[in-house]
Amino acid sequence: MKNLDSLFAAYMAVWAIFFVYYLTVSRRMSRIQDEVKRLKDTLK
Amino acid sequence: MNDMDPQTDHSNRTPLWLTLLQFVALAALAFAMWQAWRQVNAGARPAGNGSWMALSQLAMLLGAVILPMLLSRTYRAGGSDYLVLFMMAAAGIAALYIAPTERTMGVIQRIFYMHLPSAASGFVALITSFIASIVYLRRRQPKWDWLAVSSAEVGIVCFTCMLVTGPIWAHPVWGIWWTWDAKLTSTFILWVLYIAYLLLRTLIAEPERRAVVSAVFGIFAFLDVPLVYLSNRLWRTQHPAPVIAGGPNSGLDPLMWYVFLTCLCALLGLMIILVRQRYRLEATRHAVEEMNLEAQLREARSGAR
């Protein structure tokens, strides 16, 4: 079967791009929530 | 709990081990699907008893069950999120197993089932960003700015998928990775324009001014979207004519249609989940800006006393 490696690479790339993006959003969310916690302590 | 409220839940952190486990689950799912596909093409029956086949099917099942469970721990996932993740798994299986092999291009044509749905999801995200920018300029409500930036960012991700899968498909079929034809060039320009949109937002500190400037730029950047859509209809260059809604000579085999629709629904669903998650981030960021302002005011008041 020709080009199976390219097909695999394409599908892996799509999965990887979406999940790396999802993880970057999660990381940013964690950081901003830490900031909220810090500010809430300051404003108490 | 209100997502825009500073009283947000802080137990929502993603531990590193969970992140790594997500990647392992994903890699297992992809590898299993790949091996299963190889076995099918080597003459094995999909329900065969070969060790690779059994392992692949088990891994696919586990991936489809475990992955949503892992994701549900990283953020408050609902029923629709699980449905989308199952659809993503189903889309992968349908594209690799069920769709018939195209006669001239062979198996590489199966990239189509990720390439075109990525583009379609990207278009929907950018149209959302465009509408949200217009509404923001009219109403000046921050939520429209949050929606505009969230959908623009997710649109870029979708177009990145399209721009990555395109050359992988083009190389064995055209003999080249890339060419500056009308479709590819206008798509690349669109991608660069929206990267510039995100960079522009980082340069302006004042929230209202940032929202206005980026809404105007977002509307300008969107002008390239119709050009991208029409480019292979108006000019016949390297990129093939559209197979869907492309005139009397276009069309798909009925089974290919069903597989394409499965993949399209899965990617649209994933796009919506990502926009929603990104919108929550933007709303929380706005809450932080307000809290910072309040902290500064309190400091100034206590200094004046």
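**Ground rules.** I worked with a predicted model in which local features need pLDDT of at least 70 and side-chain atom pairs count only at pLDDT 80 or more, while totals for chains, interfaces and linings use all residues. Residues are numbered from 1 along each chain as its sequence is written, chains are lettered from A and ligands numbered from 1 in the order written, and side-chain values use heavy atoms, without hydrogens and water.

Buried here is under 20% relative accessible area, exposed is over 50%, and partly exposed lies in between (1.4 Å probe, protein chains only). This core has 56 residues, and A:Phe18 and B:Tyr113 touch the most other members. Helix 1 of chain A supplies the largest share, 18 residues; helices are DSSP runs of H or I, at least four residues, numbered from the N terminus. I then listed contacts (heavy atoms within 4.5 Å). Beyond four places in sequence, A:Phe18 meets residues of chain B, including B:Val157, B:Cys161 and B:Leu270. I also found a second, separate core of 18 residues, with B:Met162 and B:Val228 among them.

Is B:Asn232 buried or exposed? I have it as buried, because its relative accessibility is 5%. B:Asn232 sits in helix 8 (residues 224–234) of chain B. Its side chain makes a polar contact of 3.4 Å with that of B:Lys183; the term means N or O atoms within 3.5 Å, within protein one able to donate a hydrogen and the other to accept it, with sequence-adjacent residues counting only if both atoms are side-chain atoms.

My search of the whole structure turned up 9 salt bridges over all chains, each a side-chain nitrogen of Lys or Arg within 4 Å of a carboxyl oxygen of Asp or Glu. A:Arg38 and A:Glu35 pair at 3.0 Å, N to O, and sit 3 residues apart in helix 1 of chain A, about one turn. B:Glu282 and B:Arg201 pair with their closest N and O atoms 3.8 Å apart. That pair joins distant parts of the chain, helix 9 and helix 6 of chain B, 81 residues apart, and both residues are buried. I also noted that B:Glu282 and B:Arg201 belong to a salt-bridge network that includes A:Arg28 and B:Asp145.

How values were computed:
Core = buried A, V, L, I, M, F, W, Y, C linked by side-chain atoms within 4.5 Å. Helix = DSSP H or I, 4+ residues; strand = E, 2+ residues; numbered from the N terminus.
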